[in-house]
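This report looks at selected side-chain contacts and surface features. Please read it alongside the sequence and the structure.

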Amino acid sequence: MTEPRRAVFFGSGAFAVPSLAALASAPSVELVAVVTAPPRPAGRRGHVSPTPVQQAAEHLACSLLTPASLRDAAVLDRLAAHAPELIVLADYGRIVPPAILELARAGALNLHPSLLPRHRGASPIPAAILAGDTETGVTLMLMDAGLDSGPIVAQVVQPLTGTETSPDLEAVLAEAAASLLAASIEAWLTGQLPAHPQPSEGVTMTRPLTREDGRVDPGLPAAHLERMVRAYQPWPGTWFEAAGARVVVWAATAVAGPPTAPIGTLVDDDGGVAVATSDGRLRLDEVQPAGSRRMAGDALVRGRPALLGSRVERPSLG
């Protein structure tokens, strides 16, 4: 290629930061603009903070846009003025209107942290952990009007050990996405890397998570609950209510065996504490009572001995 192609990057979360760096340093493109979500309150004190992508982009020699809405005609005009030939999106968190996608003659590419068509949608990393998948990965796809349904340009596979938390896996996949983009971008722009339709088999969908998704249901198998603990960090967290206290579970171990107490009972576990489940128990290795610090399960028992023998409140069927 003789002339770099003008590119615009859309991204907000930490997953997107390595890919932004990869695009900015790619010799086959000229990064002319970065689009990210506007700063918003974060943390207990509500300090307004820019997105990780904005923080990473502020030193780059390109335009930075933080629109509240992409459907504002002025946003479309500003992007059109940059005459982008390529759009790259990663962890932006918002739907990009077709009118913006159509600005790029070389297409709009999306880096999605799953092996599409499995785990389309908003929460693919927690979904892979929760499902007990043995592998996941990153897909570089050509965006279309559907939700993560566009043709696949390239993929990279990441084996799973069954010990990952969502933040750990996100960090690994973020680097994998950046490497995949760097290895694919020039071949895509020169027409040497075709896109192939996604297979119709194996499609699964994910959705945005809610706080209630993290509530412990002791009627579920202990192994499933252990995967919840790893999958739902940092949001929505895995938590339960018992004896009037709310407790977040940060680390746990599934222990198989016949029930030794009614399902949902908090029982002694060699000086620690466990939740009795339908197929054994979930040992609570690290917990955090509401308003307190993180602590080992045995510290919870020492500080709140009345929890032993109490029952975990089950999710409402409504």
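## Side-chain contacts and surroundings

The side chains of Gln-198 and Arg-120 are joined by a polar contact of 2.9 Å, as seen in a model that is predicted. A polar atom of the Gln-198 side chain also lies 2.8 Å from the backbone oxygen of Gly-150. Gln-198 belongs to the loop between helix 6 and strand 11, and its relative accessible area of 11% means that Gln-198 is buried.

Val-203 is likewise found in the loop between helix 6 (166-189) and strand 11 (205-206), but at 37% relative accessibility Val-203 counts as partly exposed. Together with Ile-95, Leu-147 and Met-205, Val-203 makes a nonpolar surface patch of about 380 Å².

Turning to the aromatic rings, a search of the whole structure finds one aromatic pair. The ring centres of Phe-10 and Tyr-92 are 5.5 Å apart and the ring planes stand at 90°, so the pair is edge-to-face. This pair links distant parts of the chain, since Phe-10 is in strand 1 (residues 5-11) whereas Tyr-92 is in the loop between strand 6 (86-90) and helix 4 (98-101), 82 residues apart. Both Phe-10 and Tyr-92 are buried.

| Arginine | Ring | Distance from ring centre |
|---|---|---|
| Arg-246 (charged end) | Trp-239 | 3.9 Å |
| Arg-294 | Trp-250 | 3.9 Å |

How values were computed. Residues are numbered from 1 along each chain as its sequence is written. This is a predicted model: local features need pLDDT of at least 70, side-chain atom pairs count only at pLDDT 80 or more; totals for chains, interfaces and linings use all residues. Side-chain values use heavy atoms; hydrogens and water are left out. Rings of Phe, Tyr and Trp (its six-membered ring) pair if their centres lie within 6.5 Å; planes under 30 degrees apart count as stacked, over 60 as edge-to-face and the rest as tilted. Helices (H or I, at least four residues) and strands (E, at least two) are DSSP runs, numbered from the N terminus. Buried means under 20% relative accessible area, exposed over 50%, partly exposed in between (1.4 Å probe, protein chains only). A charge sits over a ring if NZ of Lys or CZ of Arg is within 6 Å of the ring centre and within 35 degrees of the ring normal. Patches are made of residues with over 30% relative accessible area and no salt bridge: like charges are joined within 9 Å, nonpolar side chains (Val, Leu, Ile, Met, Phe, Trp, Tyr) within 5 Å. Accessible areas come from the Shrake-Rupley method with a 1.4 Å probe; for residues, only the protein chains shown count as cover. A salt bridge is a side-chain nitrogen of Lys or Arg within 4 Å of a carboxyl oxygen of Asp or Glu. A polar contact is a pair of N or O atoms within 3.5 Å; within protein, one must be able to donate a hydrogen and the other to accept it, and residues adjacent in sequence count only if both atoms are side-chain atoms.
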